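Please look over the sequence and the structure below before reading on. The paragraphs that follow go through the structure part by part.

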Amino acid sequence: MSEINVQLKDGTPVPVPDSATVAEALKRLDRDLAKQALAAKVKGREVDLTAQLDTLSSDNGAIEIEPIIPQTRDGLEVLRHSTAHLLAAAVLDLFPGAKLGIGPALLDDPRYGFFYDVITPQPLTEADLPVIEKRMKQIASKNLVYRRDEISKPEALRIFSERQEPLKCELIDEKAGDVVSVYYIDDSPFIDFCLGPHVPNTNKLRAFKLLSLAGAYWKGDASQPQMQRIYGTAFFTQEELDAWLKQREEAEKRDHRRLGRELDLFSIQEEYGQGLIFWHPKGGAIRKEMEDYLREQLVRRGYGLVYTPHIAKRELWYTSGHEENYADSMFSPMEFEGQEFRIKPMNCPFHIGIYKSTQRSYRDLPLRYAELGAVYRAELSGTLHGLARVRGFTQDDAHIFCTSESVHAEILGCIDFAFNMFEVFGFKDIKVELSVRGDDPEAHYLGTDEQWEWAESALVNALNAKGIPYQRIEGEAVFYGPKIDIRVEDAIGRTWQLTTVQFDFNLPERFQLEYIGEDNKPHRPVMIHRALFGSMERFFGVLIEHYAGAFPMWLAPVQVAVLPITDRVNEYAEQVASELRDARFRVEANLRSEKIGAKIRDAQLQKVPFMLVLGDREAEQKTVAVRERSRGDIGTMSLEEFKKMAHGLVETRALNINNQAQEVQQ
Ligand SMILES: [Zn+2]
Ligand SMILES: [Zn+2]
C-alpha cells in the first residue's frame, strides 16, 4: 500500500495511506479540526469528508486539505444546503409521489436560509410546515449518512425516471457529464442529483426551521410547471437560530410595506401594474430630501446633472449589447413610424450619447454625468417584493469618463462619496467587497489580461490608499470589468448591499468612445458606472426599515405637529404653524376638537419628531411646550428658540436630537 503526504495550509506534510478518506487524513493532521469539519476543500475543490484522497489527486506533491468548519460562510453553505436535502427527504417521506425541483442554500437573503421547490400530490398549506419540520427532526436524530455515488448518465436517468422525477431527469439531461454525482440520505427515500458537498451525517443538523411557502415556477419560467417553494433557514446552534428569529420578528414590525401603508408613504396598485411605485406626498417629501442631499453633493463633487429620455431606438440596444445579453429583462419593443423603440433598463448608453455629442480632449476629462434616471425592467411577478424588487425605479446613477491616469482618484472620489452618505443616513459597519475575475476557464470576460490586471490594481490601490479593509472575492466580477460593492449594517444588524462602483471595458469599446490625448492621437477613455443608493425605491425601503418609520428631523415628512389643547388657542396654533412654514418646516396643525391625549397619540403614531402643545398660557406668553417623539416633554420655550434648535437638526442632517452638533454633511 503506498502513501501520500497531506498537509494543512502552511502546515507540515504528514504521510497517510493513499486509500485514506479526507476525514481520516484530517484526523492525522488535527483531531480537533477533524471533529468540527463539515466538509473540506482539497486543491480548491469542495469535497465530502468521505471522499478518498487517491480520487482527488494524481500528482506526487503533498495534498493540501482545508477543512470547512462551522461559523464560516463556506460552512454555512454546506450546512444549509444539506438541510435543504433533509427537507426534501421529509417531503418525500410524508407525501409519496412528490416531485422535486431544486434546493439551494441562500446566504445573502436576509429572510431565508434555503429553499426546496416541490410538487406534491395535494398542494401544501402553511399548516403542513410544522409537520414537515417535525419529520426533518426525526430523520436528523437517526444520524443518517449522506452518501455520494458516481453513476453513468443513462443509469442516473433510469433511476430518476423510475422514481418519476421528470424535473430531475431534465436537469441531468441538461447539466450532467458522462458521470453523474448523486446523493442519498441512507434509510430515507431521498436521492438527489447534486455535486455536493454535504455534511457527513444528519446529526450535524440541529438548528433549523421552516419559515414559509410561496409559489414558484420550474426554472422561474411562467410557461413551465407551477411548483411550491418551501423556505427555511438553518444555523450551527439553537442560540443563533433563536437570535435570528427574534431579529426576524423585529424586521416584520419594521416591514416597509406595512409602515409604508400605516404612514401613508407609498403604494403599489395592482390595477396599474405590479412592481410600479406610487410615492404619496409624505413619501415624496422624504424623496425630495434624499434628492436634495444627493444633488448638493453631486454639484460639490464636480458632477454634471443630466436628464435623458426614457426610450430609444432599438438599434442603440444592439450597439450597447443589451439586445444580446439583457433582452429578457427588457420590456418588448414598440413601433412607431416604421421604427422600433425600447424603454430603457439602464441609463449608461444615454450618458455615452452625451459624451459622444462632441469631440473630447484629455483636457475635458474627467467627465462625471449624474442622473436620477428612471429605468424599467421586466421582472417576473413572483420575484417582486415591495420597494426592494420592482419593475420601474429611479437609479441614482452616474458615469465617469476618465483617462487611465485619473482612475485612481475617481475611484477614491466614489468611495468617499459613499462613506459620506452612509454616515449621513446613519449606517454602520461598512464592508467593502472587491469582486475580481476568477480562474474559471469557462467564464467569459471581456477585455485583455493587461486591462484586468491594471483595473484590479487601480481598485486595490484606491482602497489601500484610504486604508479601507476589504474582502477580495474571486470570480464575482461582472463580465465587463471588476467592481467594488459596499454593504452596510442597518439598525437591527441586517446587511444590505447598496453601493456599487464598476469598471467597464465593454461599452467604451462598443461605442468607440474616444478622446484626443496630449499626443494629439485618439485614445479610449475608461468608463466607471456607479450608484450609491442603488435605486431611490430600494434605498427608501431600506431607510423605512432602518429607522422603523421614525425618520430623523431632516427627512421626516411632517417635522412638527402643532397641537392646541383647546379650541380657544386655535388661532395662535395657526399662527405658529404659519410662522414655521415660513421658516420652511413641514408642519401640520391639528385643529380638530379632540382631547390633547388623542392628538398626541396620533402624532406619535405618525412618528412626527416634534409636537408643540399649546394651551392658554402658551398663547398668552407666546411660547410653545415641546414634546420630542422619543423623549417626551423637553420644556417650554419661545418659538424663536424652538426654530433655532429645529433648524440646527435640519441643517446638520442630524440623526437624532443628541447628535445635533455632529457636522455630518461636511
Ligand atoms: Zn446537494
Ligand atoms: Zn451604467
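**A walk through the model**

Apart from its neighbours within four places in sequence, H385 is in contact with R111, H256 and R257. This is a predicted model. H385 sits in the loop between β19 (367–376) and β20. With a relative accessibility of 18%, H385 counts as buried, because the cut-off for buried is under 20%.

The zinc ion (ligand 2) has C348 (SG), H399 (NE2) and H529 (ND1) as its protein donors, at 2.0 to 2.3 Å from it. Along the sequence, the spacing of these donor residues is C-x50-H-x129-H. H399 in strand β20 (residues 392–402) and H529 in strand β27 (residues 526–535) are 130 residues apart, and the pair links distant parts of the chain. How accessible are H399 and H529? H399 has a relative accessible area of 0% and is buried. H529 has a relative accessibility of 9% and also counts as buried.

Next comes helix α16. Its residues are mostly covered, with 10 of 11 buried. Among the buried residues of α16 are M536, F539, F540, L543 and H546. Just after α16, A548 takes a positive phi of about 50°.

How do helix α9 and helix α16 lie relative to each other? The axes of α9 (residues 281–300) and α16 (residues 536–546) come within 11 Å and cross at roughly 110°. An angle of 65 to 115 degrees counts as roughly perpendicular, so α9 and α16 are roughly perpendicular to each other. On the α9 side, the contact is made by G283, I286, R287, M290, E291 and L294, and on the α16 side by M536, E537, F539, F540 and L543. Sorted by class, the contact of α9 with α16 has 7 nonpolar, 1 polar and 3 charged residues.

Another helix, α10 (residues 314–320), holds S320. S320 has a relative accessible area of 3% and is buried. Setting aside neighbours within four places in sequence, S320 is in contact with P349, N506, L507, R510 and F511. S320 and A140 are 180 residues apart in sequence, and their C-alpha atoms are 52 Å apart in space.

The remaining paragraphs turn to strands. An open sheet of 4 strands has the order β6-β7-β12-β11, and its pairing is antiparallel. Its edge strands are β6 (99–100) and β11 (207–217), each of which pairs on one side only. Strand β12 (residues 226–235) runs antiparallel to β11, and 10 bridges join the two. In this pairing, G215 stands opposite Q228 in β12.

Strand β9 (residues 179–185) pairs with β8 and with β10. β9 is mostly covered, and 6 of its 7 residues are buried. Strand β8 (residues 146–152) runs antiparallel to β9 and is joined to it by 7 bridges. S152 has V179 in β9 as its bridge partner. Strand β10 (residues 191–193) also runs antiparallel to β9, with 3 bridges between them. Y184 stands opposite I191 in β10. The hairpin of β9 and β10 has 5 residues between the strands, and in this hairpin D187 takes a positive phi near 65°.

Notes. Residues are numbered from 1 along each chain as its sequence is written. Chains are lettered from A and ligands numbered from 1 in the order in which they are written. This is a predicted model: local features need pLDDT of at least 70, side-chain atom pairs count only at pLDDT 80 or more; totals for chains, interfaces and linings use all residues. Side-chain values use heavy atoms; hydrogens and water are left out. Axes are lines fitted to C-alpha atoms, for helices over the stretch in contact, and angles run from 0 to 180 degrees between N-to-C directions. Angles under 35 degrees count as roughly parallel, over 145 as roughly antiparallel, 65 to 115 as roughly perpendicular and the rest as oblique. Contact means heavy atoms within 4.5 Å. Ala, Val, Leu, Ile, Met, Phe, Trp, Tyr, Cys and Pro count as nonpolar, Asp, Glu, Lys and Arg as charged, and the others, Gly among them, as polar. Donors are N, O and S atoms within 2.8 Å of the metal (3.2 Å for Na, K and Ca); water is not among the atoms, so sites may look incomplete. Buried means under 20% relative accessible area, exposed over 50%, partly exposed in between (1.4 Å probe, protein chains only). Two strands pair if DSSP finds at least two bridges between them.
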